[in-house]
Amino acid sequence: MLGIGGKMLARKMATTASPINEVVIFGAGLMGSGIAQVSGQTNHKVTLIDREEVLPTAQKMIAASVNRVAKKAFKNDQEAGRAFIEDTIGNIKLVSDPGQALLTADLVIEAVTENLKLKQDLFKRCDDECPEKTILATNTSTLRVTDIMKDIRRQDRTGGLHFFNPVPVMKLLEVIKTDHTSPETFDAMTAWGRAIGKHTVACRDTIGFIVNRLLGPYIQEAIAMVERGDATFEDVDVAMKLGAGYPMGPFQLLDYTGLDLHKFINENPDHPFRKQSEMINKLVAEGKLGVKTGEGFYKYK
Ligand code: CAA
């Protein structure tokens with residue numbers, strides 16, 4: 001249970017009561033770990049699932065990030081900060097097998113790699129094992145929720161919950177409704193989003209939803225500009241930060257979200273903004289995927 005400090009923050013962040021208490025998250029990468037963290041911070045019982053070898057890194061990432069959040073939120077009360085960290089970590093179970101967690105889950109969120117078949121199979125298993133009440137939601141950013149959920153029986157209890165990186169910092173959550181998502185499911189997803197402290201916006205199940213649909217052409221034109229030799233990537237980044245007030249330039253953002261994800265978008269025949277880029281393909285082939293591998297357009301410690 002959350003200590004006094006944690007309760008205070010959970011109350012401060014939660015603006016709407018939500019009937020969702022138990023959350024199962026598949027995929028302990030950057031996004032899944034971040035979703036687990038914000039859920040744990042707001043007193044939800046979380047089971048985070050991934051391969052055994054991935055879990056120690058996820059655990060470290062969550063611990064480091066919760067420490068940053070606590071340092072800021074409890075700068076004048078270290079004891080409350082420590083309780084908040086302890087309670088948040090205590091709310092998150094990292095496992096390689098869901099065990100009994102699916103049997104009582106209120107919400108399942110999938111944040112595994114953008115592989116349609118993998119996601120479809122995962123939700124089929126959840127559809128078989130989870131009770132009637134469980135809502136099944138994907139955090140996909142490049143696929144259609146409808147395609148991912150096509151074989152699911154409980155179509156009315158499916159939808160999308162699209163988070164932004166870094167999840168503990170970015171305030172937005174896009175709540176996605178397919179043609180089959182019921183109003184009750186949509187309302188429950190929205191209320192939960194607010195309960196974890198996010199500002200929610202609604203969007204139909206379209207590729208890219210709101211944010212990535214608009215970021216897509218911007219990023220592609222930035223890449224084209226550099227490939228044409230109009231400007232260096234460093235100058236494009238500086239220009240967008242100082243001239244347009246963006247917190248990061250497009251190439252810093254590409255490094256941050258991962259060049260492999262961008263390449264995946266370029267290879268998706270359904271994606272409205274796909275555009276092959278030799279520059280991106282070369283970096284990916286060299287294993288330079290951005291921040292997560294220590295190098296992309298820039299080098300990272
Ligand atoms: N966990 C906790 N806190 C974090 C954090 C993390 N992972 N990362 C940053 N912070 C906190 C820092 O502690 C710091 O707090 P203070 O203000 O109290 O010092 C604050 O955030 C700012 O961080 P930094 O000083 O390290 O660096 P910054 O000012 O450059 O901010 C940033 C970093 C928040 C990432 C900012 O650059 C930014 O907003 N960038 C744009 C990110 C963006 O566009 N994300 C969306 C990508 S698209 C996407 O995600 C969609 C998808 O489908 C994947």
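1. Start with the two domains: the protein chain splits into domain 1 (4-204) and domain 2 (212-293), with bounds taken from an automatic or database domain assignment. Their C-alpha centres sit 27 Å apart. Keep in mind that this is a predicted model, where local features need pLDDT of at least 70, side-chain atom pairs count only at pLDDT 80 or more, and totals for chains, interfaces and linings use all residues. Residues are numbered from 1 along each chain as its sequence is written, and side-chain values use heavy atoms, with hydrogens and water left out.

2. Next, the place where the domains meet. Ten residues from domain 1 and nine residues from domain 2 make the contact (heavy atoms within 4.5 Å). Together the two domains bury about 740 Å², meaning the accessible area (1.4 Å probe) that two parts lose on being put together, summed over both. Carbon and sulfur atoms carry 54% of that buried area. On the domain 1 side, Glu114, Thr142 and Asn165 supply 53% of the area buried against domain 2, more than any other three residues.

3. What about polar links across this interface? Two residue pairs are in polar contact, both at pLDDT 80 or more. Here a polar contact is a pair of N or O atoms within 3.5 Å; within protein, one must be able to donate a hydrogen and the other to accept it, and residues adjacent in sequence count only if both atoms are side-chain atoms.

4. Now the ligand. Of the 18 residues around the ligand, Ser65, Lys72, Ser141, His162 and Asn165 come nearest (a heavy atom within 4 Å counts as near). A ligand nitrogen atom is 2.6 Å from an N or O atom in the side chain of Ser65.
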